[in-house]
Amino acid sequence: MTVTTQLNVRPSGAVLGADVEGVDLSQPLSAEAFDAILQAWHSHLVLRFRGQRLDDPALIAFSRRFGTLDLAPITVTGEREIPEFPEINVISNVLVDGRAIGSLGSYEAEWHTDMSYNDLPPMMSCLYSLEVPDSGGNTGFLNMYEAYETLPSDLRQVVDTHRCKHDSSRNSAGELRKGARDLKDPREVPGALHPLARTHPATGRKAVFLGRRRNAYIPGLPLDESEAVLDRLWAHALQPRFQWEQVWRVGDVVLWDNRCVMHRRDAFSASARRIMHRTQVQGDRPF
Ligand code: SIN
């Protein structure tokens, strides 16, 4: 049975983010309800659904409405975090028998775009909160359409005509990935090349597409010039006027569009517990 509900979309008041009310994501959505969610997502870039109660199959079923799911990365021990549900990536600092049940610990995750170091980065990330700390661990989001549309003309000229290398050797907490070499020269690090101005395939709007700052490089420019341009671009993009922050409650489902949004996460107390389950929807080659 599908659910036909009266959806209410309540914008955050910032340049991105909206609450979607009146929907139970544990139930199958009608085509009409899903279409309303999709429209809201394209308009507000980050959607939050509060008070949800989802098991892993329901989280997977909802996420699949947006497209094919990526499998979660293999952990350092060579396993999946939840072997029965390989689509679920656990983001958590919790240890069981001395072993981490998920990734990213309790430290800050710097501004980034999920997995942009791949040729086909995921288009959507969906995070569901099962346990949250009393304070800290908030997730910030940036509207990269706004960043693009307000660029000074000299930066816009560079962005419109260049690509950027997205370093695949480190994660968003700055940790070296298993097997990666600790290279200091951004020109030498491995990673995908993507246009700095990315066109959203559904909205047709352009967004600045940055990935991560560390080890980024703009091929075709001398290293010092690439560094100077990237410093200016990042300083422009990180302005508070382009941001909205999610303060988590248990039962929040938050989904964001990696094609036009960057995100970061605050650190929180290592003695607190934070458990999130994340799915990601496959994307296409940025253009
Ligand atoms: C992430 O960077 O994908 C995780 C965000 C979070 O833990 O809030």
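**Group meeting: a predicted protein chain and its ligand**

The protein chain exposes about 12800 Å², and carbon and sulfur atoms supply 50% of that area. I open with this figure as an introduction to the chain as a whole. Please keep in mind throughout that this is a predicted model.

Let me continue with the overall form. The C-alpha atoms of the protein chain fill a box of roughly 60 × 45 × 35 Å along the principal axes. The chain has 287 residues, and a compact globule of that length would have a radius of gyration near 19 Å; the value for this chain is 19 Å, so the two agree. As to the interior, 53% of the 287 residues count as buried.

The secondary structure comprises five helices and 18 strands.

I turn now to the ligand. Which residues surround it? They are Ile-91, Leu-104, His-112, Asp-114, Leu-127, Thr-139, His-263, Arg-265, Arg-274 and Arg-278. Sorted by class, this shell holds three nonpolar, three polar and four charged residues.

A polar side-chain atom of Thr-139 lies 2.5 Å from an oxygen atom of the ligand. For His-112, the corresponding distance from a polar side-chain atom to a ligand oxygen is 3.1 Å. For His-263, it is 3.2 Å, again from a polar side-chain atom to an oxygen atom of the ligand. The protein covers 99% of the 260 Å² of accessible area that the ligand has on its own.

Gln-246 lies in strand E15, which spans residues 243-246. Is Gln-246 buried or exposed? Gln-246 is buried, because its relative accessible area is 0%, and the cut-off for buried is under 20%. Its side chain makes a polar contact with the side chain of Arg-48, at 2.7 Å. Beyond residues up to four places away in sequence, Gln-246 touches Arg-48, Arg-50, Asn-138, Thr-139, Phe-141, Asp-252 and Val-254. Thr-139 in that list is also one of the residues around the ligand.

Where does the chain come back to meet it? The C-alpha atoms of Gly-105 and Asn-93 are separated by 3.9 Å, although the two residues are twelve residues apart along the chain. With residues up to four places away in sequence left out, Gly-105 touches Ser-92, Asn-93, Arg-265 and Phe-268. Arg-265 is again among the residues around the ligand.

Leu-45 lies in the loop between helix H1 (31-44) and strand E3 (46-49), and with a relative accessible area of 1% it is buried.

Ile-60 is found in helix H2 and counts as buried, because its relative accessibility is 5%. Ile-60 touches Leu-69, Phe-85, Glu-87, Ile-88 and Thr-279, not counting residues up to four places away in sequence. Its C-alpha atom is separated by 9.7 Å from that of Cys-126, which is 66 residues apart from it along the chain.

Ile-74 is found in the loop between helix H2 (56-64) and strand E4 (89-92). Its relative accessibility is 48%, so Ile-74 counts as partly exposed, given that exposed means over 50%. Leaving aside neighbours within four places in sequence, Ile-74 is in contact with Glu-79 and Arg-80. The C-alpha atoms of Ile-74 and Gly-102, 28 residues apart along the chain, are separated by 11 Å.

Definitions and conventions:
Residues are numbered from 1 along each chain as its sequence is written. This is a predicted model: local features need pLDDT of at least 70, side-chain atom pairs count only at pLDDT 80 or more; totals for chains, interfaces and linings use all residues. Side-chain values use heavy atoms; hydrogens and water are left out. A residue is near a molecule or strand if one of its heavy atoms lies within 4 Å of it. A polar contact is a pair of N or O atoms within 3.5 Å; within protein, one must be able to donate a hydrogen and the other to accept it, and residues adjacent in sequence count only if both atoms are side-chain atoms. Accessible areas come from the Shrake-Rupley method with a 1.4 Å probe; for residues, only the protein chains shown count as cover. Ala, Val, Leu, Ile, Met, Phe, Trp, Tyr, Cys and Pro count as nonpolar, Asp, Glu, Lys and Arg as charged, and the others, Gly among them, as polar. Helices (H or I, at least four residues) and strands (E, at least two) are DSSP runs, numbered from the N terminus. The radius of gyration is taken over C-alpha atoms; the globule rule is 2.2 Å times the number of residues to the power 0.38. Buried means under 20% relative accessible area, exposed over 50%, partly exposed in between (1.4 Å probe, protein chains only). Contact means heavy atoms within 4.5 Å.
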